[in-house]
Amino acid sequence: MKKVLSLVLVLFMALTILAGCGSKDSGGAGSGGDASVDSFKTFGDIIALEGEGKQVAVYNNKLIYAFQVGDVYYRAISEISDETEQAYMDVDILEDGHEEKQNEIISSIEIDKLENLNEQILSQEELDALVGKTGQDLMDDGWTFSGHNLEEMEFWMDYGPFEYTVTFDGEVTEAEWETFVDEEDTKDLTVKSAVFTTIGDATNIE
């Protein structure tokens, strides 16, 4: 009897493992990677994804939606009509359920373009090449500031759709913190190091 019971348990465990393997290979939205977005056709497919950190913007007759699946960041873009844009903007964001109303407006819109944003992340080698450049050099190349930690001389800077932590040489006294302006006061400072941080303003495509 014990042998039969053991055999049943072994078979049950084997079936469970096989079932788990089948679900992992199915390319579902939660598994991460390109396979899980291959079937995406509308913005409703993106909205149905679980998880935080989604970004959506509507402007200039465009719908832009940035999201993450596993370790991969994506951005979906579509052209929309004046009527759709106005309907989306007319939703009162202070009203309860406003997200549901906005999602209802855009969920059936077909995705025109789907980008894998990871291809735009600067490599550490490219970031290391910034060492010695000035803040003005970075701004001339299109880098923008989004915050700072003056005690450590760390600045959060956006380049393309991503944010990086850039450390500059130099010191700022506590008395100067309140009057410090990133764009002005880093012009002549040189980059000490730079590392990737996270997704930035990925809906800004202008």
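Is R75 buried or exposed? With a relative accessible area of 8%, R75 is buried, where buried means under 20% relative accessible area, exposed means over 50% and partly exposed is anything in between, using a 1.4 Å probe on protein chains only. Before going further, a word on the ground rules: this is a predicted model, so local features need pLDDT of at least 70 and side-chain atom pairs count only at pLDDT 80 or more, while totals for chains, interfaces and linings use all residues. Residues are numbered from 1 along each chain as its sequence is written, and side-chain values use heavy atoms, with hydrogens and water left out.

Let's zoom out for a moment. The protein has 7 helices and 8 strands; these are DSSP runs numbered from the N terminus, with helices being H or I of at least four residues and strands E of at least two. Of the 206 residues, 34% are buried. Among contacts (heavy atoms within 4.5 Å) with a separation of 6 or more, 59% are between residues 24 or more positions apart.

Now back to R75, which sits in strand β3 (residues 72–79). What does the side chain of R75 meet at 2.7 Å? The side chain of E115, through a polar contact, meaning a pair of N or O atoms within 3.5 Å; within protein one must be able to donate a hydrogen and the other to accept it, and residues adjacent in sequence count only if both atoms are side-chain atoms. A polar atom of the R75 side chain also lies 2.8 Å from the backbone oxygen of A202. Setting aside neighbours within four places in sequence, R75 touches a list of residues including Y65, K113, P161 and N204.

Next, the aromatics. The structure holds 11 aromatic pairs, counted when ring centres of Phe, Tyr or Trp (its six-membered ring) lie within 6.5 Å, with planes under 30 degrees apart called stacked, over 60 edge-to-face and the rest tilted. One of them is F40 with F67, a tilted pair at 6.2 Å centre to centre and 35° between the planes. That pair links distant parts of the chain, 27 residues apart: F40 is in the loop between α1 (2–24) and α2 (43–47), and F67 is in strand β2 (residues 62–69). F67 also pairs with Y74, and because the centres are 5.5 Å apart and the planes at 20°, this pair is stacked. F40 is buried at 12%, F67 at 2% and Y74 at 1% relative accessibility. Elsewhere, Y73, W143, Y159, F162, Y164 and F196 form one aromatic cluster.

Finally, the pockets. A pocket here is an open set of points on a 1 Å grid over the protein atoms alone, with protein on both sides within 12 Å along at least five of seven lines, and its lining residues have an atom within 4 Å of a point. The largest pocket holds about 180 Å³, and its lining includes V56, Y65 and Y88. Helix α4 (residues 98–106) gives the largest share of that lining, 4 residues. The second largest pocket has a volume of about 150 Å³; Y159 and N204 are among the residues that line it. Volume means the space filled by probe spheres set on the points, which are joined across faces, edges and corners.

Methods: 1 Å grid on protein atoms, 1.4 Å probe; cavity = no way out; pocket = protein on both sides within 12 Å on 5 of 7 lines; lining within 4 Å.
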